[in-house]
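Here is a short tour of one structure, written to be read with the model open beside it.

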Amino acid sequence: MLGMLIFMPSISFSQESDTLHILNKIWEYRRNFAHDVEGETPNVYMRYTINTERRNPTLFLVPTLYSIAKGDRKFISESYGKFLFDDEYNYDIKRQIISGTIPHNRQVSSTLIKYLTPNIYGMTLYKDHQLSPFHRTNRKYYRYKIYDVDRQYAHLSFRPKLDNTQLVKGHAVVDVNSGRIVSVTYDGEYDMIKFHVDLMQGTDDTYSTLPQRCKTDLQFKFLGNRMKSSFLSTYHCPTTLPDSLDHVNDRSRMETLRTIELNHEEQEIYHKYDERRQQAEQEAARDTIVNTKRNFGDVLWDIGDHLVTSTYADAGGASLHLSPILNPQYISYSHSRGLSYRIQLGIKYRWNKNRYLTFEPRLGYNFKIKQFFFHAPLRMNYNPKRHGYAEIVWANGNRISNSSVLEAITKAHADSIDFSGQELDYFTDNYVKAVNNVVAFDWLEIMTGIVYHIRRPVNVKGMQEEDMPTVYRSFAPLLTLHISPWRKGPYFTFNYERAIKGIFSSNLGYERIEMDVSHKFKLSRMRLVNLRGGCGFYTDKKTSYFLDYTNFHDENLPEGWDDDWTGQFQLLDSRWYNTSNYYLRAHASYESPLLLLSFLPFVGRYVETERIYLSTLSIQNTRAYSEIGYGISTRFLSIGAFASFLNTQFQDFGFKFTFELFRKW
């Protein structure tokens, strides 16, 4: 009943026909006139100021704000360059000339930069959030009212029907003849940031969805810290710079490129910055002791910077990227897998644009099973257009069980001894995999290679006492096919492995076949349906082997909300992954920014995304297993509640959460 009342006809005003006429004009303009920005490279001038009104030591915990967490409270940064658009939401910023007072001329936060280019005609104002009031499918969430109409322009106000972080309120000036939005002003809040946007669109003859000018005022509050920022950008600037210019720090040249003059406050920031630099240089020349102390302090500052922010370095063809060491977003917890933590490192060496080497190890620790995990892939990319690469991976997998080993020991003792608590069926797994991958056709990607596993028992002493092998080795060629016959259709995967005994002392033989299919149905209003299904089986029944599936395994270092909550079982006991010669599984989830909790007066304003999960599994000697779940994503964390069933009989209930705080920063 509440939903029916909220989603009554969307337009509430005295001149309903006029307002509907203007809205239809806006929708027609986007469809008939405003062209896409794909491939555009407009010249852009950008400027932003930051004023930290109140701060405390907790500001050091905010990624990308560490460099302004001490010292000056006011900063300015300018850049002139090009926007390189892949589409309306995906672009790179080539900063050619830069100037500013931020230490090392760092770009403070990418999450703030994205507010520079809203797409008012799109379904969302920004890539992954804020439903636009000017898109036809979003009209059910807004109330509209028209006022001050004349022969040329109309003023249109809009406000959300729900108090939700994905909606904005404001007003626009619209050309009544063409439906072109001349200017728009709106307010919103998302991911701990309140924003006010004042945007001026291009003229009639440009027909571009890009604005001519955009000014965005941001306010950020966190644990007593309060920061205000003002971002200004102008597009289609007249001066085109040579492509050879890249990140050139040149304030004098910036003064000739600046499209809007600095105001008094911005000039004062530069003036005070210059005075401090001059004074510091004089002190350094006069007193070497002071200079030494300052350098030592700079070293400590850099160490702290690396602990809480991502580290990036670039020298010639080589680059390095290290995720923050102290970062809560790499911590996750689930009922079945416990607490885990991970970090990532990325190293790249580029010979040219078509050939480069990458090394991107992922490290982590699972506190429940007290095990350190690593996954270290070394990849040579030789044909990026065809996704061609050769890769060697060294890693240790999850602990794996082999029930046939315990069954053999128990049978030898005629059940006279209970071995169930001695972990004789658990093994560690270290492996090396070498593969080559290439897109043979637009619809077919082929990976071939080999994989070599070395598995040792957790209880080595117990295995020795029972005169059982303490090392199990397997060597297997592998083939993986990725098939996408339709551009927007399902994605198929086929995996095949066949072990060969005797190579590198391998003593296991097996044959494994797996098939997997997944598809995402993108619906209007940021809604999404995820579907995934698969099966796998072992065919060699003449020898003992480990049941180690590629697409059906326990994951002790989950990636987070978007990567593995759909397509994985959250409450399934780890033993179930290695006890069946076959499996059949299916998963489905429905995602929406406005579903259930979004309608609640206070809670709804913080909910960014809601999801409903359904998973089912069939393995041998077990009744049908299923899980249902419900999860929400907020600016602070993602949390889900799950229940499991055998047939229709309730089995277990548990939670999973991952930190979302500053994940997008």
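Strand 1 (43-54), strand 2 (74-85) and strand 12 (225-235) each supply at least two residues to the lining of the largest cavity. This is a predicted model, and the cavity in it has a volume of about 80 Å³. Its lining is made up of 12 residues, and those nearest the centre are Met46, Tyr48, Ser79, Arg95 and Ile113. If you search the whole structure, you will find seven cavities of 30 Å³ or more.

In soluble globular proteins, nonpolar side chains tend to be buried together. Here the largest nonpolar core holds 58 residues, and Ile26, Phe134, Val184, Tyr186 and Phe195 have the most contacts inside it. Helix 2 (residues 16-32) gives this core its largest share, five residues. Another core lies apart from it, with 27 residues that include Tyr431, Ala499, Tyr510 and Phe569.

What does Val184 touch, once neighbours within four places in sequence are set aside? Its contacts are Ile120, Phe134, Phe158, His171, Ala172, Val197, Asp198 and Leu199. One of these, Phe134, is also listed with Val184 among the residues with the most contacts inside the largest core.

Phe569, a member of the 27-residue core, leads us to Ser615, which touches it. Ser615 sits in strand 30 (residues 607-619). Is Ser615 buried or exposed? Its relative accessible area is 7%, under the 20% cut-off, so Ser615 counts as buried. The side chain of Ser615 makes a polar contact of 2.9 Å with that of His587. Not counting residues up to four places away in sequence, Ser615 also touches Gln568, Ala586, Tyr625, Ser626 and Glu627, among others.

The table gathers its pairings.

| Partner of strand 20 | Bridges | A facing pair |
|---|---|---|
| Strand 18 (residues 355-359) | four bridges | Thr358 and Arg379 |
| Strand 19 (residues 362-366) | five bridges | Asn366 and Gln371 |

Met526 is not a glycine, yet its phi is positive, at about 60 degrees. Met526 belongs to the loop between strand 27 (511-522) and strand 28 (528-538). Asn621, likewise not a glycine, has a positive phi of about 60 degrees, and lies in the loop between strand 30 and strand 31 (625-634).

Why does Met526 count as buried? Its relative accessibility is 18%, and buried means under 20%, so Met526 falls within that class. Asn621, by contrast, counts as exposed because its relative accessibility is 77%, over the 50% cut-off.

Definitions and conventions
Residues numbered from 1 in each chain as written. Predicted model: local features only at pLDDT ≥ 70, side-chain atom pairs only at ≥ 80, totals over all residues. Heavy atoms only, no water. Core = buried A, V, L, I, M, F, W, Y, C linked by side-chain atoms within 4.5 Å. Buried < 20%, exposed > 50% of the residue type's maximum accessible area, 1.4 Å probe, protein only. Contact = heavy atoms within 4.5 Å. Polar contact = N/O pair within 3.5 Å; in protein donor to acceptor, adjacent residues only side chain to side chain. Pairing = 2+ DSSP bridges. 1 Å grid on protein atoms, 1.4 Å probe; cavity = no way out; pocket = protein on both sides within 12 Å on 5 of 7 lines; lining within 4 Å. Points joined across faces, edges and corners; volume = space filled by probe spheres on them.
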